[in-house]
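Welcome, and thanks for taking a look at this one.

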Amino acid sequence: MIAYIDGKLTYKDPTFVIIEVGGVGYQIKISLNTYAGLTEGERCKLFTFLHIKEDAHTLYGFSELSEKNIFLHLISISGVGPNTGLMILSSLSVAEIQQAIVREDVPTIQRIKGIGVKTAQRLILELKDKLKKEVLLDQTNVSVTAHNTNQNEALSALITLGFARTVAEKTLDAIIKREGNHLTVEALIKLALKSS
């Protein structure tokens, strides 16, 4: 719902910040990695995720889009809520999390406060293949990164339209194998809707 907030950083704490935009102060929970890169009193932009529960609406903020993306991956795992996701991002950098999961490094993940053996194993089991793809794509050229962005945008749109994530991912992968990676977001969505 709120993709990012861009405004003046009026208060900074290791666990949250307050950013003023148009006379309104938004309280946003952050990781230590994001905290380290912010300077109080200056203008800043945080990519956000709004978590809604019965009794609270909580904004989570990230200085980098890659940090937000890994956070969304983490909280998609059963038993990992937003606060645990933030704890993981405060303990390890995005690159360290990706490497630990891809290399199946249970001890590194388990060292994070609140993460037991089973949760560490579940993170690895459910995220290893997704993160391997992302790491490989990050290491290739810009055209593939643009394709990855198009695929992610199409995936997000399909999920919004009511597709199950796994079905949408398989459908998009099949389309890209068949048609190539030159398709626009709109073309990907149209082909996916036709094939369902």
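This is a predicted model, and its protein chain has a mean pLDDT of 86, with 92% of the residues at 70 or more. The chain is divided into three parts: domain 1 (4-62), domain 2 (65-141) and domain 3 (149-195). A search of the whole structure turns up 1 cavity of 30 Å³ or more, and the second largest pocket, at about 150 Å³, takes at least three lining residues from each of domain 1 and domain 2.

**Confidence along the chain**

- Strand E3 has the highest confidence in the chain, with a mean of 95, while helix H7 (residues 142-160) has the lowest, with a mean of 69.

**Domains and annotations**

- The centres of domain 1 and domain 2, taken over C-alpha atoms, are 22 Å apart.
- Where these two domains meet, 12 residues of domain 1 are in contact with 13 residues of domain 2.
- An unreviewed UniProt entry gives residues 1-61 the feature "domain: DNA helicase Holliday junction RuvA type".
- In the model, residues 1-61 are 64% strand and 8% helix, and the C-alpha atoms at the ends of the span lie 13 Å apart.
- At residues 150-195, UniProt (unreviewed entry) has the annotation "domain: Holliday junction DNA helicase RuvA C-terminal".
- Residues 150-195 are 80% helix and 0% strand, with 18 Å between the end C-alpha atoms.

**The second largest pocket**

- Which residues line the second largest pocket? They are Pro 14, Thr 15, Lys 29, Ile 30, Ser 31, Leu 32, Asn 83, Leu 86, Met 87 and Ser 90.
- Strand E3 (24-30) and helix H3 (82-91) each provide at least two residues of this lining, and H3 gives the largest share, with 4 residues.
- By residue class, the lining of the second largest pocket holds 5 nonpolar, 4 polar and 1 charged.
- Both domain 1 (4-62) and domain 2 (65-141) contribute at least three residues to the lining of this pocket.

**The largest cavity**

- How much volume does the largest cavity have? The value is about 40 Å³.
- The residues around the largest cavity are Leu 74, Ile 88, Leu 92, Ile 97, Ala 100, Ile 101, Ile 109, Ile 112 and Leu 123.
- Helix H4 (residues 94-102) supplies the largest share of the cavity lining, with 3 residues.
- The lining of the largest cavity consists of 9 nonpolar residues, with no polar and no charged ones.

Terms used:
Residues are numbered from 1 along each chain as its sequence is written. This is a predicted model: local features need pLDDT of at least 70, side-chain atom pairs count only at pLDDT 80 or more; totals for chains, interfaces and linings use all residues. Side-chain values use heavy atoms; hydrogens and water are left out. On a 1 Å grid over the protein atoms alone, a cavity is a set of points where a 1.4 Å probe fits but cannot get out, and a pocket is an open set with protein on both sides within 12 Å along at least five of seven lines; lining residues have an atom within 4 Å of a point. Grid points are joined across faces, edges and corners, and a volume is the space filled by probe spheres set on the points. Ala, Val, Leu, Ile, Met, Phe, Trp, Tyr, Cys and Pro count as nonpolar, Asp, Glu, Lys and Arg as charged, and the others, Gly among them, as polar. Domain bounds come from an automatic or database domain assignment. pLDDT is the predictor's confidence in each residue, from 0 to 100. UniProt positions are given in the numbering used here, feature names are shortened, and annotations may be inferred rather than shown by experiment. Contact means heavy atoms within 4.5 Å.
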